[in-house]
2 protein chains.
Amino acid sequence: MLFKNIGIIDENFDFKPNMYVGVKDGRISCICDAQPEGDFGEVYDGTGKVLMPGLVNAHTHSPMTLLRGYAENLPLDRWLNEKVFPFEDRLDCDRAYWGTLLSIAEMLESGTTSFSDMYFFSEGIMRAAKDAHAKINYSRSISSFTEDVSFFDDERVKEALEIAEKYNGTEDGRIKIDMALHSEYTNTYPMIEQFGKYIGEHDFISHIHVSETESEHENCKKKYGKTPTELFESVGILDKPCLFAHCVWVDENDMDIFARKGVSVVSCPGSNLKLGSGVCNINRLLEKGVNVAVGTDSASSNNALDMFREMYLISVLPKGINNRADIVSPKEVLKMATVNGARAQGRGDCGLLKEGFRADLIVLDMNRANMYPDYNAVNNIVYSADKSNVVLTMVDGDVLYRDGRFKYIDVEKVGRECNRIVREVTKELGL
Amino acid sequence: MLFKNIGIIDENFDFKPNMYVGVKDGRISCICDAQPEGDFGEVYDGTGKVLMPGLVNAHTHSPMTLLRGYAENLPLDRWLNEKVFPFEDRLDCDRAYWGTLLSIAEMLESGTTSFSDMYFFSEGIMRAAKDAHAKINYSRSISSFTEDVSFFDDERVKEALEIAEKYNGTEDGRIKIDMALHSEYTNTYPMIEQFGKYIGEHDFISHIHVSETESEHENCKKKYGKTPTELFESVGILDKPCLFAHCVWVDENDMDIFARKGVSVVSCPGSNLKLGSGVCNINRLLEKGVNVAVGTDSASSNNALDMFREMYLISVLPKGINNRADIVSPKEVLKMATVNGARAQGRGDCGLLKEGFRADLIVLDMNRANMYPDYNAVNNIVYSADKSNVVLTMVDGDVLYRDGRFKYIDVEKVGRECNRIVREVTKELGL
């Protein structure tokens with residue numbers, strides 16, 4: 001495909017008008033200011049449009065979209081214990097499959113080209129990712145509630161390792177497998193320690209919920225005399241790549257550790273607000289040079305999987321909370337939502353509009369009321385755009401979404417299946 | 001028009017499936033659960049859709065959409081003095097006309113059926129509102145910088161009164177005129193006092209910026225020994241209907257005054273965050289029984305005019321800031337964005353899906369990825385919907401927007417004109 005006469009967000013996150021971008025064999029083959037020679041197949045007229053790197057949703061739980069709108073305005077403990085856990089108890093791989101497909105559809109139409117997913121019912125999620133040709137870093141969530149843990153005998157661990165063996169690097173690398181320790185508060189020390197030992201001997205990204213709520217953070221300090229970050233560092237987890245989700249309550253020392261160890265922090269501003277967890281100190285993390293990425297968390301706590309909404313939140317929240325309009329620039333926001341996310345996923349050839357990089361690209365229609373006047377495209381994309389501006393989403397050169405239609409997903413069918421599942425589950429729960 | 005087999009958000013903000021809603025002579029003529037008799041003209045098949053009251057954007061400055069993306073990441077004083085004021089100096093009624101039309105288009109496509117606008121270049125705004133058949137409460141902003149004020153000789157006051165004389169109640173009541181005192185900090189005491197006297201003798205809503213920033217609020221206390229709210233109360237302004245925008249820094253006593261005097265507070269969460277002004281204490285205002293409405297403020301500080309984004313912000317911000325997931329219910333959010341706004345505008349027959357009320361209605365498409373599963377429509381609309389779900393916007397029974405098309409606005413032409421104006425202005429400013 002050749003994008004012709006199109007505005008682009010270049011690798012420095014500057015806007016350039018009237019460019020040509022060629023895609024071959026799933027990668028960006030050329031970026032130039034005049035028509036390149038050669039046959040690219042379809043020529044896409046980019047007049048009035050902008051091409052930019054696809055968004056990376058660096059923390060979500062796809063099947064939980066089945067719980068959208070099901071459990072609202074409850075504090076985290078009641079939300080989990082009274083609503084989420086009983087519902088999840090009724091799920092299986094088939095139900096998770098449909099929920100994941102729905103999530104992928106919503107992410108594609110809102111410009112997300114890759115996502116990091118932590119959950120269970122792994123085979124259902126893998127099947128959905130393959131059917132939809134989605135780019136995913138998946139990790140089977142590991143939790144433990146007893147002290148007598150034998151890592152390799154644990155059912156959750158077994159599933160995590162089997163999935164890694166079976167799927168890591170498959171689908172031309174679109175599927176990557178990470179290792180997920182659910183969190184400090186949902187694991188016993190022996191599991192945390194053995195997880196650290198395993199990670200030290202293998203090459204996986206550790207995907208962990210860290211300091212999401214004040215009580216989680218403070219209870220850990222009481223229990224271990226360490227913050228969750230310090231605890232995970234003490235067992236060696238941070239010696240390998242880490243993706244830490246939330247980090248709302250981390251302290252200065254935790255942030256210094258992130259910077260020193262190269263930990264990626266994934267902020268989920270919408271979910272943190274809605275669950276009453278607080279606001280991540282993005283500005284301080286950026287000042288310290290931490291790789292900050294952005295995620296939606298699940299549609300059960302967000303309640304959408306719309307990275308444009310998260311971009312807006314992450315751009316304006318730090319300003320409002322710190323009473324400073326001059327922090328967190330639009331360029332920094334674009335980086336957080338794209339290349340920083342790709343880095344957090346260990347995908348060094350994704351997240352930038354750069355020759356040789358994977359063609360994970362989205363097209364925004366700028367001929368819409370919310371994009372005029374065209375004074376500054378970067379400002380408009382971060383502060384004014386929304387998912388309705390997304391008209392094309394391409395992953396590895398494959399156009400998965402275009403003008404309201406999905407290449408591999410029948411969204412109305414998927415929606416009906418999800419409606420059916422929720423009716424069945426709520427009936428099974430006697431609701 | 002007859003909406004057939006459609007889900008509705010009823011006057012109690014409950015969801016009802018499979019309803020029939022008839023519109024005649026600009027009003028809702030019937031709401032029933034079976035097909036009514038009579039000829040309604042077009043029958044609209046509402047399968048998979050929800051009909052709800054249109055959103056009321058209760059505080060904006062329409063022509064400022066011309067400044068979208070023009071002045072970013074600056075503190076309020078530099079934003080105003082270095083960027084906004086010099087730009088506004090180059091505007092005129094013709095330029096304001098195009099900016100207003102653009103704003104109206106953006107509001108219609110995102111489900112806003114009525115808005116409260118405070119600005120100048122009044123004739124340009126009135127012309128745009130008439131051409132677009134928009135519902136608007138307009139007020140000519142009054143400010144003053146000298147002590148020797150003679151109210152009726154002031155040019156701004158003259159324009160405000162002339163516009164009121166000429167337009168109030170015109171266009172079948174779609175155009176209403178309010179009186180705008182810009183703020184305490186942009187007016188001298190003699191003007192504030194004389195404004196109060198005028199308001200006491202006439203029937204207008206006072207539209208005022210109140211306690212938007214901490215410095216504004218604190219400086220007023222130093223100068224007068226009163227908060228802005230107490231000051232305005234002392235000159236009698238609160239004895240008539242008031243629409244106070246922002247109210248980020250109001251104290252407990254101010255809030256009690258609002259409740260006692262029936263002042264409507266319009267929160268603009270997006271603008272307040274982006275300008276680093278802070279977060280309005282919505283929850284406390286609601287607890288005290290204050291009529292809280294929602295506004296976008298201008299696209300120069302927001303940077304969109306998307307009430308779905310503001311609804312989401314106003315639903316999740318109080319939870320995140322107060323670390324309480326159980327406050328501000330989805331129903332309260334819907335009320336704030338609809339009927340409370342209509343009340344703030346003095347439009348007692350707008351903002352509810354109720355027989356006899358004005359047919360200011362929007363249709364949401366629920367057959368979209370972000371609206372499945374259909375467990376709870378109210379939750380989905382507040383927490384998951386966005387403007388891409390809006391497929392029809394009706395004002396006084398007239399379909400002004402439908403499936404991407406505007407009845408009275410050529411949005412690409414308006415966009416081109418706005419681009420041209422910005423190029424001319426920036427050239428005139430030597431940029």
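# Briefing on a predicted two-chain model

In chain B of this predicted model, B:S211 is placed in the loop that runs between β11 (206-210) and α6 (214-224). The phi angle of B:S211 is positive, near 50 degrees, although this residue is not glycine. B:S211 counts as buried because 27 C-beta neighbours lie inside 10 Å, and the cut-off for a buried residue is 20 or more.

**Backbone geometry**

- Most residues other than glycine have a negative phi, and most peptide bonds are trans.
- B:D172, like B:S211, is a residue other than glycine with a positive phi; for B:D172 the value is about 60 degrees.
- B:D172 belongs to the loop between α4 (155-167) and β9 (175-177) of chain B.
- B:D172 is exposed because 12 other C-beta atoms lie within 10 Å, and a residue with 12 or fewer is classed in this way.
- In chain A, the peptide bond between A:Y372 and A:P373 is cis, with an omega of about -15 degrees.
- A:P373 lies in the loop between β15 (361-365) and α14 of chain A.
- In chain B, a cis peptide bond leads from B:N302 to B:N303, and its omega is near 5 degrees.
- The loop that holds B:N303 runs between β14 (291-294) and α11 (307-322) of chain B.

**A buried glutamate in chain B**

- B:E88 is part of helix α1 (residues 76-88) of chain B.
- B:E88 counts as buried because it has 21 C-beta neighbours inside 10 Å.
- B:E88 and B:V425 stand 337 residues apart in the sequence, while their C-alpha atoms are 9.2 Å apart in space.

**Domains of chain A**

- Chain A consists of domain 1, made of residues 2-53 + 352-406, and domain 2, made of residues 55-344.
- The centres of domain 1 and domain 2 of chain A, taken over C-alpha atoms, are separated by 28 Å.
- Between these domains of chain A, 21 residues of domain 1 are in contact with 23 residues of domain 2.
- On the side of domain 1 of chain A that touches domain 2, at least two residues come from each of α14 (377-384), β16 (390-395) and β17 (398-402).
- α14(A) provides the largest share of that side of domain 1, namely four residues.
- By class, the side of domain 1 of chain A that touches domain 2 holds 14 nonpolar, two polar and five charged residues.

**Contact between chains A and B**

- Chain A places 59 residues in contact with 59 residues of chain B.
- The helices of chain A that each give at least two residues to the side touching chain B include α1 (76-89), α2 (93-109), α9 (269-274), α11 (307-322), α14 and α15 (411-428).
- The largest share of the side of chain A that touches chain B comes from α11(A), with seven residues.
- That side of chain A divides by class into 25 nonpolar, 20 polar and 14 charged residues.

**Packing of α2 with α15 in chain A**

- Two packed helices are described by the angle between their axes and the distance between the axes.
- α2(A) packs against α15(A) at an angle of about 135 degrees, and the axes are 9 Å apart.
- This angle makes α2(A) oblique to α15(A), and their crossing is left-handed.
- From α2(A), the residues that make the contact are A:R95, A:W98, A:G99, A:L101, A:L102 and A:A105.
- From α15(A), they are A:V411, A:V414, A:G415, A:E417, A:C418 and A:I421.
- The contact of α2(A) with α15(A) has eight nonpolar, two polar and two charged residues.

**Packing of α2 with α3 in chain A**

- α2(A) also packs against helix α3 (residues 122-132) of chain A, at an angle of about 40 degrees and with the axes 7 Å apart.
- α2(A) and α3(A) are therefore oblique to each other, and α2(A) passes α3(A) in a right-handed crossing.
- α2(A) brings A:C93, A:D94, A:A96, A:Y97, A:T100, A:L101 and A:I104 to its meeting with α3(A).
- The residues they meet in α3(A) are A:E123, A:G124, A:I125, A:R127, A:A128, A:D131 and A:A132.
- By class, the contact of α2(A) with α3(A) has eight nonpolar, two polar and four charged residues.

How values were computed. Residues are numbered from 1 along each chain as its sequence is written. Chains are lettered from A and ligands numbered from 1 in the order in which they are written. This is a predicted model: local features need pLDDT of at least 70, side-chain atom pairs count only at pLDDT 80 or more; totals for chains, interfaces and linings use all residues. Domain bounds come from an automatic or database domain assignment. Two residues are in contact if their C-beta atoms, placed from the backbone, lie within 7 Å. Ala, Val, Leu, Ile, Met, Phe, Trp, Tyr, Cys and Pro count as nonpolar, Asp, Glu, Lys and Arg as charged, and the others, Gly among them, as polar. Axes are lines fitted to C-alpha atoms, for helices over the stretch in contact, and angles run from 0 to 180 degrees between N-to-C directions. Angles under 35 degrees count as roughly parallel, over 145 as roughly antiparallel, 65 to 115 as roughly perpendicular and the rest as oblique. A crossing is left-handed if the near helix is turned anticlockwise from the far one by less than a right angle, and right-handed if clockwise.
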